[in-house]
Structures are given as C-alpha cells and as structure tokens.
Amino acid sequence: MLPRIIFCFAVVIAIAVVVLLALLSPVSHKSSSKNPSRPWLALSMYIQHPHISRSSVQPVAQSDAGAFVFHRALTEGPKNTSRIVGKAQGFIIPIEHFADSAFNIIYLTFETPKFNGSLSIQAKNVEHEDRQELTVVGGTGYFAFARGLAVFMQTKSQSSEADPTYHIKLQLRFPNRSQTIPG
C-alpha cells in the first residue's frame, strides 16, 4: 500500500510542476496567427547592364528564340555609375507551355557587408509589360527562407541603349524574426 501512495504522490507532484512551468514560463504565449504584423524588409535597387566593354558583351536570347537568359548588375541607383551591390541572373521561357514552370526563376545575389546572400524570384506568367509583380520564393544567407513580393518596373531611359534598366522593389518577410530589420 505504501509504494502505491508514494507513486500517486510523485505523479501529483510531476503534474503540478508541469502546470506551474507552463503558467510561469518566460516564453511568450502569443500564437503566430494572433501576430500578423511581423516586420517587413523593404529594398529598392536597379537591374542594369554591367559596366563592361562592348567587345565582351554576350548577346541575350530574344523572345522569338524561345528563352531569355540574362546576367545583369544589381545597383543602388538608376545611373550606370551607381554602386554595384550584386548581380541578377535568370532563365525565363515565356512560351505558353512553360509559363508556370519552376525553372522560370530570377536570382538576385547580394554582395554587401550588410546583405550577403541571394533571393529566388519565381517568374510565372511573365508578360511584356512595364510593370511585373512576381513572388519571392526563398533565399540564402541573410535572406534565408524569405518570402514576399518583387515588383519590377522598366525605367524611362534617357539613352538609346537596347538594354533597358529595371527598378525592383522588394517587400520581404522572414520566418522567426521578431525584431524590425533595418532597410
């Protein structure tokens, strides 16, 4: 009889400890669904032709060839003398059968002390418009697991260059980041 009483007493003590720990835990009891205002990181930059001599420029496939393959510079400002912060690369097949393909991805690689990593932007249903809203589907480094929106807008160029410059605005959200991210 005595071992049974000791066992019951131990069970009651264990349950009381678990309940007290749950009630007095320093961990926040708010669920993520009750806190929809997680911080966003807003970035603005430009995609333009890299600063290289015309003799080393590789042509980009045109839409009548079936695919767009590109390698461009990612800069802070719209001028071709703006500081380069990374690169933009992509492979897009704008043909109807491949419009929803997972291979239509634009990669933005950042190489700055503040932002070091890359973003993957899904280029589904890309149309020939001056403004495109695309989905950020992931990232690496500083941008690990990023999700959000990428808005591409063709800038009004003063020069008569064949390669347009694009202004890109990013609205990014990260899982498990509770503080505001400077941007």
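Q: With which residue does the side chain of Arg 131 meet in a salt bridge?
A: The model is a predicted one. Arg 131 is partly exposed at 44% relative accessibility, and Glu 133 is partly exposed at 48%. The N to O distance of the salt bridge is 2.7 Å, and the partner of Arg 131 is Glu 133.

Q: How many salt bridges does the count come to?
A: Besides the pair of Arg 131 and Glu 133, the side chains of Glu 76 and Arg 83 meet at 2.7 Å, N to O. A salt bridge needs a side-chain nitrogen of Lys or Arg within 4 Å of a carboxyl oxygen of Asp or Glu. By this rule the count is 2.

Q: Is Arg 83 buried or partly exposed?
A: Arg 83 forms a salt bridge with Glu 76, and Glu 76 has a relative accessible area of 44%, which is partly exposed. The relative accessibility of Arg 83 is 45%. Buried means under 20% and exposed over 50%, so Arg 83 counts as partly exposed.

Q: In what order do the elements of the chain run from the N terminus on?
A: The chain has 1 helix and 8 strands. The helix, α1, covers residues 2-24. From the N terminus on, the order is α-β-β-β-β-β-β-β-β.

Q: Which element gives the most residues to the largest nonpolar core?
A: This core has 26 residues, and Leu 108, Ile 121, Phe 143 and Leu 170 touch the most other members. The elements that give two or more residues to the core include β1 (40-48), β4 (105-111), β5 (116-122) and β8 (166-173). The element that gives the most, with 4 residues, is β1.

Q: Which residues of the stretch from Leu 134 to Val 136 does Ile 121 touch?
A: Ile 121 is among the core residues that touch the most other members. With residues up to four places away in sequence left out, its contacts include Asn 104, Ile 105, Ile 106, Leu 108, Ala 150, Phe 152, Ile 168 and Leu 170.

Q: In which sense do β1 and β8 pair?
A: Leu 41 has Leu 172 in β8 as its bridge partner. The pairing of β1 and β8 runs over 8 bridges, and its sense is antiparallel.

Q: Over how many bridges do β1 and β2 pair?
A: Tyr 46 stands opposite Thr 75 in β2. The sense of the pairing between β1 and β2 is antiparallel, and the number of bridges is 3.

Q: How far apart in space are Ile 168 and Gln 154, C-alpha to C-alpha?
A: Ile 168 belongs to strand β8. In sequence, Ile 168 and Gln 154 are 14 residues apart. Their C-alpha to C-alpha distance is 8.7 Å.

Q: Where does Thr 165 lie?
A: Thr 165 is buried, with a relative accessible area of 13%. Leaving aside neighbours within four places in sequence, Thr 165 is in contact with Tyr 46, Ile 47, Gln 48, Pro 78, Met 153, Gln 154 and Thr 155. Its place is the loop between β7 and β8.

Q: What is the area of the nonpolar surface patch made by Met 1, Leu 2, Ile 5 and Ile 6?
A: Ile 6 is found in helix α1. Ile 6 is exposed, with a relative accessible area of 52%. The patch made by Met 1, Leu 2, Ile 5 and Ile 6 has an area of about 490 Å².

Q: What is the phi of Phe 145?
A: Most residues other than glycine have a negative phi. Phe 145 lies in the loop between β6 and β7 and counts as exposed at 62% relative accessibility. Although Phe 145 is not a glycine, its phi is positive, at about 65°.

Definitions and conventions: Residues numbered from 1 in each chain as written. Predicted model: local features only at pLDDT ≥ 70, side-chain atom pairs only at ≥ 80, totals over all residues. Heavy atoms only, no water. Core = buried A, V, L, I, M, F, W, Y, C linked by side-chain atoms within 4.5 Å. Buried < 20%, exposed > 50% of the residue type's maximum accessible area, 1.4 Å probe, protein only. Contact = heavy atoms within 4.5 Å. Pairing = 2+ DSSP bridges. Patch = residues over 30% accessible without salt bridge, like charges linked within 9 Å, V, L, I, M, F, W, Y side chains within 5 Å. Areas by Shrake-Rupley, 256 points an atom, 1.4 Å probe, with all protein chains shown as cover.
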